Every structure is written in C-alpha cells, then in structure tokens.
Amino acid sequence: MRSKRDTKGGREKGRSEKGGSRRGESSSRRDGAPRGSSSRREATGGSSRRSGDRREGSGRRDGGRDRSAKGMVLELFSRNPDTEFTLRQIYRRLGVVDKKGRELVNDMLRVLQRENRVIVIDEDKYTLNLKVDIITGRVDMANNKYAYIVAEGIEDDVRVFREHLNYAMDGDLVKVEVLPTYQGGRAEGIVVEVLERKREELVGILQLSKNFGFVVPDFKKLYFDVFVGERGLNGAENGDKVLVKITEWPDKPGKNPIGEITRVFGPAGEHEAEIHSIMAEFGLPFEFPESVEEEAESISDKITQAEINKRRDFRDVTTFTIDPADAKDFDDALSIQKLDNGNWEIGVHIADVTHYVDTKSLLEKEAFHRATSVYLVDRTVPMLPERLSNGLCSLRPQEEKLTFSAVFELDDNGKLYSEWFGRTVIYSDRRFTYEEAQERIETGEGDFAEEINIMNGIAKNLKDKRFKNGAISFETIEVKFKLDDNGKPLYIYVKERKDAHKLIEEFMLLANKKVAEFVYNLGKGKKRPTMVYRTHGAPDPDKLSTFSIFARKFGYKVDPEGNISSELNNLAEETEGKPEQSVLQNLAIRTMAKAKYSTEPEGHFGLAFAHYSHFTSPIRRYPDMMAHRLLQHYLDGGPSTDKEDYEARCQHSSEMEKRAADAERASIKYKQVEFMKDTIGNQYKGIVSGVTEWGIFVEIEENKCEGMVRLSTLNDDYYELDADNYRIIGRQSKRIISFGDEVIVEVVSANLAERTIDLELIETLKK
C-alpha cells in the first residue's frame, strides 16, 4: 500500500525527504512571527496563530471559502452522528450570525444532501447519513498543514487538513469519515474520533508570560502549541526545554490543549538539556526502573561446574574480541584452531543473554519494551542494565563467559564443510580494538597476528562470494564526533571501515545466515518452525525506474530491467571517490524496501541471502534474544512455537528500531548544527543534496553537515523549482543549479532550536 502511494507521487511533494515541503518547512519559521510571542495569544488558552488565523493558507487543493464551510458543516454532523439539528441549532453551533453566513450554510447543506452525506427528517431537521465511509487508521503527519491516514485495505491514504484533525497527532489511531472525491482527486476526510493516542507528552520550548506560558513543540509538523497555566509551570523558566503532559484536550476547534510541565531539561541550547530533550522527544527512557536494577543485581556471577558440563568447552581454544576503542559491552568473540585435515575451525561466540534473562522476569519485560539499545552522540541508552550489558554478558578478556555459538569448519578459500550450533563456555585471551587488529593486518606483527590474518583472508573470500551472488556493495557513511568534557563538538569525522571491521562483519553475517538456514530447513511448507528473520525486499520497480532516469542525468546508466544487484554495484564502483557518490548511493538505497523483522522467511535482498536472522547482538537487540531462544528450543527437539506472538514481537522490534534510528539522527543533526555555530563566515566546498521550492540543500564535503541556501537569498535572479529534473532555474538568466552540482557556500547561521544551518551560495563549480 505504501509503495503504491509513494511511487504515484501524490504524497511525495508533501513528504519527500529532500524534494518537498517537509524539509523546507523545518528550515524556517512556520508563520513568519516568533512562535511564542504573547501578543498573539490569549491567556485563556485560546487559539494561537497556528491553529486559528493561518487556516486560510492551509494548503487546501481548491482552497476556497465554500470548501472550508462545507467541511465545517460536515464536521458538526460527524462529531454528533446521532443528533438531529434544526437550522437554528446549526447556525448557533457554527457561530453564524449574519445573513451571508446563513446563506452559505444553507448552500452547503444542499450540497451535502445531494451527496447523500446529510439527510432531512421531518422537513426541518438534519442529521448525518450513517451509511457513510468510515475508516480507522494511523495518522502520518506530512507537515503542519495536513496529515495522511494510513489504513489497512485502502490503496491510497486519506488526506486530512489540520482544521479537521481533531487534535490528532503523528501515530495516533483515529476514526475518519472519508469525504467524496472530486474529479478523481485525492481522498480527503475528517477525524471524528481519536481512538488511541500514541503519546500525550511533548518536548518543546517554554515561552512564558506573566502567569502562564505556551510550550512550542520541537516536532516541526505539529500544528498547535500547549497552554500551561501558572500552577502547571513547575519552576520552568522562559526559554527552557521542557516535557509537557497534555491534561485537557479541547472540545471544539480553535483552542489550545492544556498541559502541565513534568520535566525541566534546562535552558534551550545547553548540551544536557538538548540531549535529554531528544531522549524525551522519542520516548527514550532516562533510567531503568528500580525493580529491574535490583533483579539484575541479584543474578549470581558464578559459573558452576554443572553448567559448564552442559556446554561445549572452548576455554583452551584461542579466542579474542575486536570492538571499537570506546566499547564497554563485548557481545561477540571469535575463536580459531587448525584441524588435523588442514582446515580451520572458527567459532562465532555470542553472549548467552537468555541464560541470565528468564522469560517471566522483569528484565525480559523491560528488554522487550526497549527492544534495542540507542546510540546517541555522547551516550548509550541500553536495552539491558549495566550489570548484564557491561558485566555478566560482556565477553571481557581473561574471564570465563557463557556463550551461544555457531562453529564452522572452513578452508582458506572460505569453503564451508560443516557447522555446529549450541551453548558453550569461552575464555577470551585478548581484547582488540579495531585499530589494533588493523595494525596486525597491515604489518603482520604483534600478538595473534597470524590468527587475525588467517581470518582476514577467509573473510575476504566470504565477501567475494557474497558479491558474486548478488549482494549490494554500498558503504554507508557514519558520522562521528570528538566531544570535549562538556559535550561540545571539537571536530567531526567520517568513520572509516577497514579490513578489521569487515573481518568481524563477514563472520557475523555467516553466523546469522546459517542460523536462519538451519531453522528454516527443519521443516517444510506450513510445518516450517517459527523463526525471527531479518528481511529486506527488492527495490520498488517504479522507484527504481525514477532513480534510473535521475542517474542518467549524471551520466550513469542503471538499467531497471537488468540484474538490479549488478547495476547498483556498477554504480557504486563508478561513483567511488566522486562528489556525487554519497548523494547517488543514498537515493539508490531509498528505492529499496526497509529491512525489518518478520516470521516470514522472505530473504534479504541487500545481502543476497535467501534466509537471514539476527543472532549476534543479544546485548543490544531483542530480536537476537528471540532467535537464541527459538534456536535452543529446536535444538532440544521442541515443536514450532506460536507464530502470531512472535510476529507481534517482530513488528514491535521493527518500530522501536526505527525510533532508535530517528533519535540517533536527531542527536547527530543537533551536534552538527552546534559545531557549525563556530564556523559562521567560513566557506566550504559542498554538493547540492536536495532541491525544494524554498531553497537548495548543500552537504558540506569536509564534515557532511547539511544546510540550506534559501532561494530568497539568490539575488541575481528569481529562481523556480523544476522538480521533475531536480533543479532550480533562473527565470531571466536561465541559470541552472542541479542536484549533485559542486558549489562553494558560506555559513550564515546555525539555529540550535530548529536544528538548521543557513548557507549562502558563493559559487557554482564547473563540472
């Protein structure tokens, strides 16, 4: 359903990540005035400019007064579906007091009668025709003007303008009355009931008057502020970042929700205040419940001989970990030993988290709720308490640890001869950082250099086979920060992936793949046992065709009818090291489906694996814990488990993974803006990474920060968007600035509150 909508273009103009109103609106004030100026608000909690006098510019398709009046009349009936109204009652409810208004309402009632939306009873009473199209779906805010309602069973989402959203917010479950579609246009509707609110707490900046205030939400697509009375301020001061809980929703349009401040993060712009506000914005927990911490602390760290006797013993086999220098939890280790036949036995040993976390425990409940660890720029929000993540389950050097392992017999060419899965006990001989392991690969010297280089050779062969089988070779760019003691960014760098990283990656991929295949092959058809898979669909054909046309403008050929993997890998090879590499690869990735967790063995397109699971990171991912439990259950000869229960857990895990990624991006964007505040006036080389009707986005080559050059600042001509060709064109000069062009820009401003960077275009460079 979603892919059809996106490829038809009906939604992309309002929601495109770099070509539509979403990005443009987040880069500027929504109403041209300070959003919290008390002069435009009523101390009674009445309407603000965003919910009141901007309505006429709310982006309706034909925007006229009649359409607005019709919606208001229909909304009155929709919210009172069992009520019969006389004309006088309708006038009064709508606040109509003049002749012109009454005539307009009468006209709209006749229209609604013709459309069979409203029926007449006893000649002078009107009521809603209950045989109308009502759907239930989730709100997906496109911008602060309208939202889409995503519902099962309908091909195209229903658009609802903000004045008809009934204060519904992003993610809320709502009941919507669908209005008649005009001239084949997009379906529109009215929210008649909010069935379930995703959240009732919002993060924003308090803008305070004498004895009341308004919280202006950070979420740029939200269309209302929250009124806070004197007793609800809880010590917050003007300009503070706060968390506000909505305590009262208006019963009619044109009012502000009322709330009380539950947490004060501190002055907007301060490091701790901003990071904590990001955590609250995405619903990330600040600490573990005391009962969960107590349960974790009560777990014994003793490994009994009886437990060791149940496991395969690898304590005498050479074993080590390779992790980032700042890592504290080590959830995977590798072992290697030479077999009598000349092959290598390589063990992938994973922390045995489920040995310590019982399915009925508070730890289990909390791990499921969190579903994943979240990595912000300066901290980790862990899935498990430190007692487990950094202690009991962390495969620290010179300590005996309980593990769940996938053990493989391989030759030097990466050919697999046998595999074994089961619970083990290990002793890690050495903790390597990636840099230390890389040094041994490059020099061949140092402790365990021989073992690391043998593994590296096998890993390279495994990688080559993956790519021959159709794996995609795109390398994602990971931005990292060097922070001072106060959290201030000193510099930004792109994390470089070298052979040591790829060595670990290949053996983790092998373990994940083989665990999935093992369970899949235990049964056939409907008798296949339930398993948690990591799936990734093939690119959407329509999106791929659009991308192919775009790539051609840069001189690259991508045949949407050819072997997609080969076509995309060729593109990756041809663009390597060129300015447009990042931009084109990011766009290519967007043609593909998002990876997700599922009980359906649908395969992983990007890795070219028919079956794939997540088994190797149970300290930080709940799906890996599920995979461990299922694998052990089947190794013990158990029957297939309840698929519906696991599918629901998979869906929750996918949603929480997306939330974590959004929070991580928000923290990165904030630190990028903070870093750029100290570079105002500096000039940088960059590449045009997006075009909108408001301006062009430019990604700075040196630090990957992205800012906007507003069209209003281009004084040499009046520029217009040519969306189909991803460019802007000067009306008089016909000067063209296109997506992918190299430019020189100057940093003009960096707005921490809006998380935006404003740039000035200095020069366009010749291609």
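Is F265 buried or exposed? With a relative accessibility of 11%, F265 counts as buried, where buried means under 20% relative accessible area, exposed means over 50% and partly exposed lies in between, for a 1.4 Å probe and protein chains only. The structure is a predicted model, in which local features need pLDDT of at least 70 and side-chain atom pairs count only at pLDDT 80 or more, while totals for chains, interfaces and linings use all residues. Residues are numbered from 1 along each chain as its sequence is written, and side-chain values use heavy atoms, with hydrogens and water left out.

A search of the whole structure finds 22 aromatic pairs, a pair being two rings of Phe, Tyr or Trp (its six-membered ring) whose centres lie within 6.5 Å, with planes under 30 degrees apart counted as stacked, over 60 as edge-to-face and the rest as tilted. One of them joins F265 and F286 in a stacked arrangement, 6.2 Å centre to centre and with 25° between the planes. This pair links distant parts of the chain, since F265 belongs to strand β13 (residues 258-267) and F286 to the loop between α7 (271-281) and α8 (290-297), 21 residues apart; helices (H or I, at least four residues) and strands (E, at least two) are DSSP runs, numbered from the N terminus. F286 has a relative accessible area of 26% and is therefore partly exposed.

In another pair, the ring centres of F550 and F739 are 4.8 Å apart and the planes stand at 85°, so this pair is edge-to-face. Because F550 lies in helix α16 (residues 541-553) and F739 in the loop between β32 (736-738) and β33 (742-751), the pair ties together parts that are 189 residues apart in sequence. F550 counts as buried at 2% relative accessibility, and F739 counts as buried at 6%. Elsewhere, ring pairs link Y167, Y223, F224 and W249 into a cluster.

The strands come next. Strands of a sheet pair through backbone hydrogen bonds, either parallel or antiparallel, and here two strands pair if DSSP finds at least two bridges between them. An open sheet is formed by 7 strands in the order β14-β21-β20-β17-β16-β15-β22, with mixed pairing. Its edge strands, β14 (312-313) and β22 (430-433), each pair on one side only. Strand β15 (residues 319-323) pairs with β22 in the parallel sense over 4 bridges, and D323 stands opposite T433 in β22.

A barrel is closed by 5 strands in the order β27-β28-β29-β34-β33, again with mixed pairing, and the twist from one strand to the next averages 55°. Strand β28 (residues 695-700) and strand β29 (residues 706-710) pair in the antiparallel sense over 5 bridges, with G695 opposite R710 in β29.

The last topic is the packing of helix α19 (residues 622-635). Its axis and that of helix α11 (residues 362-370) lie 9 Å apart at an angle of about 125°, where axes are lines fitted to C-alpha atoms, for helices over the stretch in contact, and angles run from 0 to 180 degrees between N-to-C directions. The helices α11 and α19 are therefore oblique to each other, given that angles under 35 degrees count as roughly parallel, over 145 as roughly antiparallel, 65 to 115 as roughly perpendicular and the rest as oblique. With helix α20 (residues 643-676), α19 packs at about 155°, the axes being 10 Å apart, and α19 and α20 are therefore roughly antiparallel.
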